[in-house]
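User: I'm new to this one and would like to go through it with you piece by piece. Could you take my questions as they come?

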Amino acid sequence: MQRQGRLAGKTALITGGAGNIGEVITRRYLEEGATVIITGRNATKLEAYRQKLIGEGGFEAERVQAVVLDGARMDATRAALQEIAARFGPLDILVNNAGSAGAKQPLAKIPLDESELHALREAESTDTETLRAGFGNLLGLSWNTVRAAYPYLAPGASVINVSTIFSRTDYYGRIPYVVPKAALNTLSLHLARELGQSDRGIRLNTVYPGPIDSERIRTVFKAMDGMKGQAEGTTAEGFFGIMRLKRPTETGFAAGFPKKEDVAGTVVFLGSDEAAAYSGHVFEVTNGMAVETESMSSFVSRPGLRIVDAEGKLVLIAAGDKSTVEDGLAFARTQTRCGADVLLTFRDEEAHQEAEAGLKAEKGIRLAQFDPTRPNTWAALDEILAGAGPLAAALVLPATDGQSCGHSLLEADDAVVKRFMEEELGGAVATAVYLARHWQAADERLNENPKVIFVTGGSNR
């Protein structure tokens with residue numbers, strides 16, 4: 001097919017290009033005249049789809065290529081991008097579409113290590129990833145691919161990150177999926193600035209697909225209804241209820257799910273020169289779902305006056321490494337001024353010792369070590385809490401103060417990226433898992449519904 005379309009003469013890399021939505025994006029890009037490199041982990045699947053496009057689709061063999069790429073591994077990603085650049089030259093378009101499903105479990109059952117994943121599979125779960133693996137396959141894959149592709153992106157190139165509207169809505173039992181996708185949203189915004197202000201003027205935009213019309217999404221929503229103990233169809237109807245747009249059906253116009261082709265059409269537009277003025281924007285392909293944008297609150301100050309009575313309540317403050325000692329002690333002292341008993345934890349011995357030196361003889365604050373990323377260390381905290389009375393609240397602080405992460409997302413060190421995903425994001429979710437399990441086990445001891453506050457490092461970190 002020699003069609004000269006909106007993408008004629010452009011070279012595009014589409015991760016997950018033989019997958020669910022990816023295969024439709026790939027076909028549309030070929031129809032619009034692009035040369036397309038599809039990537040994924042499964043060489044057989046990639047080549048089978050390539051041959052289908054050549055045979056049934058009638059596209060020229062040289063315009064559709066397949067390269068194996070494991071985006072969760074930065075070394076493999078760099079090697080694949082070097083190969084692609086050597087074979088095809090600069091890239092005009094990068095579509096970060098690949099990703100995994102993440103574990104499909106309520107909070108307390110999210111598998112944190114291989115032993116927990118194995119136990120779930122023994123109980124007939126279809127999950128294939130631990131929390132850490134899912135973060136690598138959802139956030140790490142896109143971040144790694146942009147970092148590895150950056151040297152080979154042509155001036156004026158377009159990067160398109162495919163997120164999900166579920167990163168901003170209720171999506172029960174899918175925390176391992178929506179948390180890294182929500183992180184991708186913020187990552188995309190900051191990457192857009194770095195890429196756009198580079199000497200090549202590269203633009204980056206984010207697409208938020210809604211629930212795509214398929215048997216898969218109906219199965220997912222049915223499972224969610226079951227986990228919530230509500231009537232089948234409740235979840236789907238809830239999403240239909242916030243859609244502004246009805247679409248044509250065989251019997252007229254009605255609420256329905258958007259289609260893969262709707263997403264692909266948006267990605268075509270963003271890859272074309274028609275979208276030359278767009279960068280840092282989000283495009284919701286949702287049939288007009290009324291969903292709030294992400295919001296951010298800043299805690300400016302707290303009056304010294306004791307306005308909260310926490311007398312006799314036990315509060316856990318889960319801090320991070322040595323760089324969070326000052327913040328951890330400040331939060332702990334604020335809680336004790338309100339009358340609370342505080343258990344302040346840090347993730348390593350060095351932080352623990354520094355906090356101990358800074359604490360001196362202050363009353364009402366106890367120290368302990370707690371590393372949420374290592375479930376085999378949780379027993380010690382369980383033992384402390386068992387003798388301390390019911391836990392009324394928890395404050396979860398960042399793993400670090402953010403200063404060690406550097407100032408460039410494109411040039412971030414591999415170890416920093418890995419640590420951010422596993423210890424910062426993964427640690428926050430793992431702490432929530434621990435608390436959920438603790439409170440489920442201690443349900444009879446609770447005098448009131450416990451409260452949790454997650455504290456972030458701010459938008460400048």
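User: Where is Asn-287 found?

Analyst: In this predicted model, Asn-287 is found in the loop between β9 and β10, the latter covering residues 314–318. Its phi is positive, at about 60 degrees, although Asn-287 is not a glycine.

User: And is Asn-287 buried or exposed?

Analyst: Asn-287 is buried, since its relative accessible area is 7%, and buried here means under 20%.

User: What about Ile-242, how far is its C-alpha atom from that of Gly-271?

Analyst: Those two residues are 29 residues apart along the chain, and their C-alpha atoms are separated by 29 Å. Ile-242 is placed in the loop between α8 (234–240) and β7 (247–249), and it counts as partly exposed because its relative accessibility is 29%.

User: Which residues does Ile-242 touch?

Analyst: Leaving aside residues up to four places away in sequence, Ile-242 touches Gly-288, Met-289, Ala-290 and Val-291.

User: Switching to helices, what is the angle between α1 and α9?

Analyst: Helix α1 (residues 22–31) and helix α9 (residues 260–271) pack at about 50 degrees, and their axes are 9 Å apart. The two helices are therefore oblique to each other, and α1 passes α9 in a right-handed crossing.

User: Which residues meet there?

Analyst: From α1, the residues are Glu-23, Val-24, Ile-25, Arg-28 and Tyr-29, and they meet Lys-260, Glu-261, Ala-264, Gly-265, Val-267, Val-268 and Gly-271 in α9. Sorted by class, this contact of α1 with α9 has 6 nonpolar, 2 polar and 4 charged residues.

User: Which residues of α9 are buried, and what covers them?

Analyst: The buried residues of α9 are Lys-260, Val-263, Ala-264, Thr-266, Val-267, Val-268, Leu-270 and Gly-271. Their cover includes α1 together with the strands β4 (91–96), β5 (153–162), β6 (203–209) and β9 (282–285).

User: Now α5, at what angle does it cross α3?

Analyst: The axes of helix α3 (residues 74–88) and helix α5 (residues 131–149) cross at roughly 40 degrees and come within 9 Å, so α3 and α5 are oblique to each other. The crossing in which α3 passes α5 is right-handed. In α3, Met-74, Thr-77, Arg-78 and Leu-81 meet Asn-144, Thr-145, Arg-147, Ala-148 and Ala-149 in α5, and the residues of this contact divide into 4 nonpolar, 3 polar and 2 charged.

User: And how do the axes of α5 and α13 cross?

Analyst: The axes of α5 and helix α13 (residues 414–441) cross at roughly 145 degrees and come within 10 Å, and α5 passes α13 in a right-handed crossing. Among the α5 residues in this contact are Phe-135, Leu-139 and Trp-143, while those of α13 include Val-417, Phe-420 and Leu-425. By class, the contact of α5 with α13 has 10 nonpolar, 4 polar and 4 charged residues. Asn-144 and Arg-147 of α5 take part in this contact and are also among the α5 residues that meet α3.

How values were computed:
Residues are numbered from 1 along each chain as its sequence is written. This is a predicted model: local features need pLDDT of at least 70, side-chain atom pairs count only at pLDDT 80 or more; totals for chains, interfaces and linings use all residues. Side-chain values use heavy atoms; hydrogens and water are left out. Axes are lines fitted to C-alpha atoms, for helices over the stretch in contact, and angles run from 0 to 180 degrees between N-to-C directions. Helices (H or I, at least four residues) and strands (E, at least two) are DSSP runs, numbered from the N terminus. Angles under 35 degrees count as roughly parallel, over 145 as roughly antiparallel, 65 to 115 as roughly perpendicular and the rest as oblique. A crossing is left-handed if the near helix is turned anticlockwise from the far one by less than a right angle, and right-handed if clockwise. Contact means heavy atoms within 4.5 Å. Ala, Val, Leu, Ile, Met, Phe, Trp, Tyr, Cys and Pro count as nonpolar, Asp, Glu, Lys and Arg as charged, and the others, Gly among them, as polar. Buried means under 20% relative accessible area, exposed over 50%, partly exposed in between (1.4 Å probe, protein chains only).
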